[in-house]
Amino acid sequence: MRRFLHRARSWARSRSWVMPVLRRVATAPGTYLWLAALFATTVVLHHMSPEFEEQFLRRHSTNIHELSTNPVRVLVASAFWIDGDTTWPGGGWLGSWLPYAVLFTVFHAPAERWLGSGRWLAVVTFAHVGASLVSEGVLDWGIRHGHAPQSAMNTLDVGVSYALAGIIGVLAYRIPPLWHRPYTAAVLIFYGVPLIAGATFTEVGHFSAVLIGLGCYPLTRARDSGRSSGRDSGRDLPPALDRGTSTGVRTPS
């Protein structure tokens with residue numbers, strides 16, 4: 001084991017880009033541990049047969065049936081599986097996982113560095129759980145009033161998109177003054193247009209998650225009123241998010 005670790009360190013030192021990347025990853029541990037878990041589950045999913053994969057995902061979905069029988073289990077489990085449909089050129093499990101690697105790096109990692117892991121996790125939890133309950137509640141209403149088939153009680157609903165939408169929403173309070181309102185408007189339009197065009201429970205969930213993220217303003221307030229802006233500035237965020245107020249928080253307007 002020691003020999004392996006020694007070789008690993010030697011390999012990392014011999015490649016100048018490795019250590020800076022690892023240090024950067026370490027500044028957002030929650031984001032990249034979650035991403036690593038998604039990597040593992042995506043690989044597992046792509047070794048399942050299509051029939052078993054669908055049955056497996058339904059058992060881990062936040063659908064009405066599972067929420068009524070195993071709510072805590074599915075609310076947690078659903079956040080660690082993504083639909084097996086390919087979303088990246090090239091196909092395969094890597095094609096399903098890579099888009100999330102990009103999105104987590106662009107949105108989740110900056111948010112975690114800014115908010116801290118605890119408050120970042122709180123926003124993620126509020127958005128994922130809240131949007132899941134709202135969307136399935138709307139679907140349940142639709143079933144009861146004849147707007148959706150009874151079979152929709154077992155619909156497939158897994159993934160991390162509600163949590164991502166919540167984080168995108170809360171980042172509005174980290175945007176520089178010039179871009180704060182345009183960013184917020186763009187986010188509301190991006191998630192609102194699909195909701196208006198043809199609302200499904202998924203669109204309801206995404207829009208609800210954004211509103212939950214925007215409602216997490218109290219969590220964005222600096223832990224220390226004397227915190228300097230230099231500790232919380234450009235090195236933690238991508239270029240579009242690198243300068244906020246003196247505390248790094250944009251007051252809702």
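## About the model

Because this is a predicted model, local features need pLDDT of at least 70 and side-chain atom pairs count only at pLDDT 80 or more, while totals for chains, interfaces and linings use all residues. Residues are numbered from 1 along each chain as its sequence is written, and side-chain values use heavy atoms, with hydrogens and water left out.

## The overall fold

Let us start with the whole chain.

Of the 253 residues in the protein, 42% are buried. Buried means under 20% relative accessible area, exposed means over 50%, and partly exposed lies in between, using a 1.4 Å probe and protein chains only.

A contact means heavy atoms within 4.5 Å. Among contacts between residues at least 6 apart in sequence, 74% join residues at least 24 apart.

## Helix 8 against helix 11

Helix 8 covers residues 117–144 and helix 11 covers residues 201–214. Their axes are 8 Å apart, and the two helices pack at an angle of about 140°. Axes are lines fitted to C-alpha atoms, for helices over the stretch in contact, and angles run from 0 to 180 degrees between N-to-C directions. The crossing of helix 8 and helix 11 is right-handed; a crossing is right-handed if the near helix is turned clockwise from the far one by less than a right angle, and left-handed if anticlockwise.

On the helix 8 side, the contact includes Phe126, Ala127, Gly130, Ala131 and Val134, and on the helix 11 side it includes Val204, Gly205, Ser208, Ala209 and Ile212. The residues of this contact divide into 10 nonpolar, four polar and one charged. In this count Ala, Val, Leu, Ile, Met, Phe, Trp, Tyr, Cys and Pro are nonpolar, Asp, Glu, Lys and Arg are charged, and the others, Gly among them, are polar.

## Two residues of helix 8

Ala131 lies in helix 8 and counts as buried because its relative accessibility is 0%. Leaving out residues up to four places away in sequence, Ala131 touches Phe126, Tyr162, Gly205, Ser208, Ala209 and Ile212. Ala131 and Ile212 are 81 residues apart along the chain, and their C-alpha atoms are separated by 7.9 Å.

Val134 also has its place in helix 8. With a relative accessible area of 37%, Val134 is partly exposed. Apart from neighbours within four places in sequence, Val134 is in contact with Val204 and Ser208. The C-alpha atoms of Val134 and Val204 are separated by 7.6 Å, although the two residues are 70 apart along the chain.

## Helix 9 against helix 11

Helix 9 (residues 161–170) also packs on helix 11, at an angle of about 35° and with the axes 7 Å apart. This crossing is right-handed. Among the residues making the contact are Tyr162, Ala165 and Gly169 of helix 9 and Gly205, Ala209 and Gly213 of helix 11. The contact residues divide into seven nonpolar, seven polar and no charged.

How many of the 10 residues of helix 9 are buried? Nine of them are, so helix 9 is mostly covered. Tyr162, Leu164, Ile167 and Val170 are among these buried residues.

Thr31 is found in helix 3, which spans residues 29–45. Thr31 counts as buried because its relative accessibility is 0%. Not counting residues up to four places away in sequence, Thr31 touches Phe104, His108, Ala109, Glu112 and Trp120. Other buried residues of helix 3 include Trp34, Leu38 and Leu45.

Thr155 is in the loop between helix 8 and helix 9. Thr155 is buried, with a relative accessible area of 17%. Beyond residues up to four places away in sequence, Thr155 touches Arg58, Ser61, Asn63, Glu136, Leu139 and Phe201.

Note on methods: Helices (H or I, at least four residues) and strands (E, at least two) are DSSP runs, numbered from the N terminus.
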